[in-house]
Amino acid sequence: KPSTKKNKIVNLLNKQTSVSSTPSPFRSIEEEEEARSMVDDKGPLIIIIRHGKTTANILGIFTGWEDVPLAAEGRKEAIAAGKLLRRHGIDIDVVYTSWLSRAIETAWLVLTEMDSLWIPLVKSWRLNERHYGSLTGLSKKMIAQIHGEAQFKLWRRGYTQRPPRVSSFSNHYPGNDDKYVKYVKDIGFSLRESVARSLADGRITFARDFCKCESLKDCMDRTIPFYTQVIAPVAQNQNVLIASSENAIRGMLMHLCEIPEDRISEVEIPTGLPLVYLPRMKCLRLLDDGQYDPDPAKALERYNFGTAVELLFQPCDPEKSEFCDINPDGSINNDPIFRLAPEEKKQKIYSTSSTNNEKSSPSLQQSDLADLQHSPDAAVPMI
């Protein structure tokens, strides 16, 4: 049998030559458990994240169902979100996202940083962004200048106001996109569209009744049933990640946080920021990254959540939930931020190296290597 010293050398080589797709910020199961933040004991979590910033976001263009990629800044936002979730020790069990590549890519980047690309990822067109009709692809500033600021705000933020409809033969109509035509099965057929397609194609064609524009209410009419019937039952005992677009998320938060119709237009959703909804507490919270103001009243000023921020981050109501977080003095903890562990504990867990997040492995001495190379009975791992 190899000597104790030889076994030690083999173990060290194994540590130094192991390959991992994503460097882990944790060094052991025990340390990982110790690094958990306040979010750990709050039951199943619903993590909601708006896709990272896109080129259309940067240019101020109405996007809707138009499939645009993430910008470099958006990819950085998604990567940072994945690192933050992992830093808080949060594990995701299943992911729900739309059919739009910007949301799918955001989910992938988050999962990559969490070393969780293997978990189930469910895509549904019902989580798509609101359809902006004939405004799709146009500049927001131009629309405001042509139609006036008041009309622009109604089209962009109104609850029941719809933008102008898109033509049946426009590139922005879902009925002209193969992925929707081939794979959407849960929408009924339209007699008008079927007649128009049959005349255009010179043969009988059955066309589905895809939307040509949507208000926020229209968008919610497809997203909320999907949430309540598909996502919510799973979220009763599993951690769920929802990666979607701004208006789909605004509608979900309107439903979850009970935001009135006349105030939902005031809600803004930052890109690439994980929002943590706790079904047991019926509250929305943020994850600390060490940069929030220690004063809970000032912490939310870091991001633009609009003028209805108090409706998003409501205090836990003990009359609605028995799981409210109680302070040592008996008061309810209504801090909107799940704070990280004390700094000294973080320093113990996380590497302070400027090159990577992992603690450095013990190095081999030249004498140890020499002994191993001349040992006929030591098993040397392949490099």
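**Close-up views of a predicted model**

**View 1. Side chains of strand 2.** In strand 2 (residues 94–97) of this predicted model, Val94 and Tyr96 point one way and Val95 and Thr97 the other, and all are buried (under 20% relative accessible area, 1.4 Å probe, protein chains only). Strands (E, at least two residues) and helices (H or I, at least four residues) are DSSP runs numbered from the N terminus. Residues are numbered from 1 along each chain as its sequence is written. Local features need pLDDT of at least 70 and side-chain atom pairs count only at pLDDT 80 or more, while totals for chains, interfaces and linings use all residues, and side-chain values use heavy atoms, with hydrogens and water left out.

**View 2. Strand 2 and its pairing partners.** Strand 2 runs parallel to strand 4 (residues 240–244), to which 4 bridges join it; two strands pair if DSSP finds at least two bridges between them. Within this pair, Val95 stands opposite Leu241. Strand 2 is also parallel to strand 3 (residues 121–123), through 3 bridges, and here Thr97 stands opposite Lys123.

**View 3. Crossover through helix 5.** From strand 2 the chain passes through helix 5 (residues 101–113) to strand 3 in a right-handed β-α-β crossover (clockwise from the first strand over the helix to the second, with the strands pointing away from the viewer).

**View 4. The loop between helices 8 and 9.** Phe189 lies in the loop that links helix 8 (178–183) with helix 9 (191–201).

**View 5. The whole chain.** The protein chain contains 15 helices and 7 strands. Of its 383 residues, 49% count as buried.

How values were computed
Buried means under 20% relative accessible area, exposed over 50%, partly exposed in between (1.4 Å probe, protein chains only).
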